[in-house]
Amino acid sequence: FNCKEFNRNNTWKANKGEYSLLLLTLILLQFSCHEAFPTCARNIRWKRVSLSASIDEQLEIDEKTYKTNLQIAGLARESSRRNLDPAIEAVVLLRSLEHPDTVGYNSVLKAIARTSSPYNRDAAKQAVALLEEMENLNREQRNAKESWYIRLSENSLDEEEVSMGAPRVRIKPNCRTYSTVMDVCARQNSPTSAEQAQDLLERLKEKYDKTGDIAFLPSTITYNTVINGWAKAGAGERGAFNCEDLLNEMGDLADVISFNAVLNAWARSEVPDAGERAERILRSMDTIRPNTRTYNSVIHAWSRSMSDDVTRHAHSLLREMEELAKNDPSMSPDFVSYSSVVNAFALAKSEPLKAHTSFLLLQRMKKLGKENKRLRPNLVVYNTALNACATACPIQVKSALENDEREKQLPSLALIVRTLYDEMIKDAHLTPDHVTYGTVLKAIANVFLGEPDQVEFGKRVFHSACSSGQVSLGVVYQLRQAVPIDVFRELVPEDCISSDSSIVNNFPEEWVCNLRESTRQRIKKGDGVN
């Protein structure tokens, strides 16, 4: 009967009197067995004074540990990747305890887990070291307890040792301990750390198989932690297969989070048939109800596949979500759903009307965004749709439109580019960047041939880039493709063009003042663009 465990779980908080009463009851029980077990009774030599002292001492230890554990738990909640100080303070508090326990160690591990990231590699080393420390302390405490009972049976304990009772096993790593250390490793986002998390899972499973102790039984969270570690490890196909193997091993333990992590692994795997594999997993979810994130992961997997019918599958899944949402609003497509499909069309090489479909999806997002701001298209979605226009093949578009009943309803590529650009300029929530200006100029070079305003529109876009301080090497390079050479030389200062017509980095400061620092550094390197 462990009073401390009851206290920890908040099911029973023993005060000093209740604790004393329980211990006295157990003592009387042992003395009542004197006739049946005379040897055992003779070995138990209690004294009232020493008993009272041992109870007071034990309660004082438990109270101090309990209060310190509460402080450590509070620090664990405050810890984060950007705030490491609470985790450091939690470790200091743990070290201040004369009698730390499992709860304190687990809370410190939680604090460390919240600071773990690819930029904090020491977190994993620290967590694994604490786990090993717990294992060693557990072994020492179990040995001490066993030794006490052996000496008790041999009648070799003095009165003080008997009055203090058997040494307690305060520290015992459990499933939660291992799961937290696995989480620390998984957050490192590398194949090595994912392997480390998997090794810890195997170690936990071995402990359970060897002891049968339910405390070592891996939980759903345990498996999900390792799966998520492999999904984000950048291990490609190997990582995705490992995730799927773990999912199959889970059996009934698997939940929607498990499936979503495996689908995310395939989406990140860069395997040519990732979309097909991900959708097969989706269709196998007979007893698990998929959610919006499930569909988003499959759409993302298709968008990064090399299949010729990527857009068909991605768009079909989006429409399936819209149909499901009619009866279940929680299945409504979100921002990620629509933007992933737009991205799938933008990256497609064999879809002639990809620019038109991307444009129509963006307009649908705008319409839905009036009621739900979270669906409002952002700068990335606009840039993606513009890229769909810039990479479209005008000949294929013309051929497809001739065979499409919507020919008269669909706008031209040039009109789509103008519309998207004007919307971005007018929208107070959007601030075009150098990617926007470069993509628009690329689209002008590609789809504005024969348009009467090709040069004037190109000049307007470049002037806007200059006034907003968003002129990168890429913007100037695309300008040269979009307008005649004489216009280009008119717009760009002579000292920005070398004798061999390469573009160099002598841009006026006001042209580059709002570029990201990384982009400005590339310009300062002095590398020209031919």
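**Figure 1. Confidence across the predicted model.** This is a predicted model, and its mean pLDDT is 86. Of the residues in the protein, 83% reach a pLDDT of 70 or more. Two stretches deserve a careful eye. Over residues 1–13 the pLDDT stays under 50, and the model gives this stretch 21 contacts beyond four places in sequence. Residues 30–53 also have a pLDDT below 50, with 21 contacts beyond near neighbours in sequence. Where pLDDT is low, the predicted coordinates should not be read in detail.

Figure 2. Find helix H9 (175–186) and helix H10 (191–211), then look in the loop between them for Asn 189. Most residues other than glycine have a negative phi. Asn 189, however, is not a glycine and has a positive phi of about 55 degrees. Is Asn 189 buried or partly exposed? Asn 189 is partly exposed, and its relative accessible area is 30%.

Figure 3. Glu 270 has a positive phi of about 60 degrees, although it is not a glycine. With a relative accessible area of 57%, Glu 270 is exposed.

**Figure 4. Inside the largest nonpolar core.** This core has 132 residues. Which residues have the most contacts inside it? They are Val 417, Leu 420, Phe 462 and Val 492. Now follow Leu 420 to its partners: leaving out residues up to four places away in sequence, Leu 420 touches Phe 359, Leu 362, Gln 363, Tyr 382, Ala 385, Leu 386 and Cys 389.

Technical notes
Residues numbered from 1 in each chain as written. Predicted model: local features only at pLDDT ≥ 70, side-chain atom pairs only at ≥ 80, totals over all residues. Heavy atoms only, no water. pLDDT = per-residue confidence, 0-100. Contact = heavy atoms within 4.5 Å. Helix = DSSP H or I, 4+ residues; strand = E, 2+ residues; numbered from the N terminus. Buried < 20%, exposed > 50% of the residue type's maximum accessible area, 1.4 Å probe, protein only. Core = buried A, V, L, I, M, F, W, Y, C linked by side-chain atoms within 4.5 Å.
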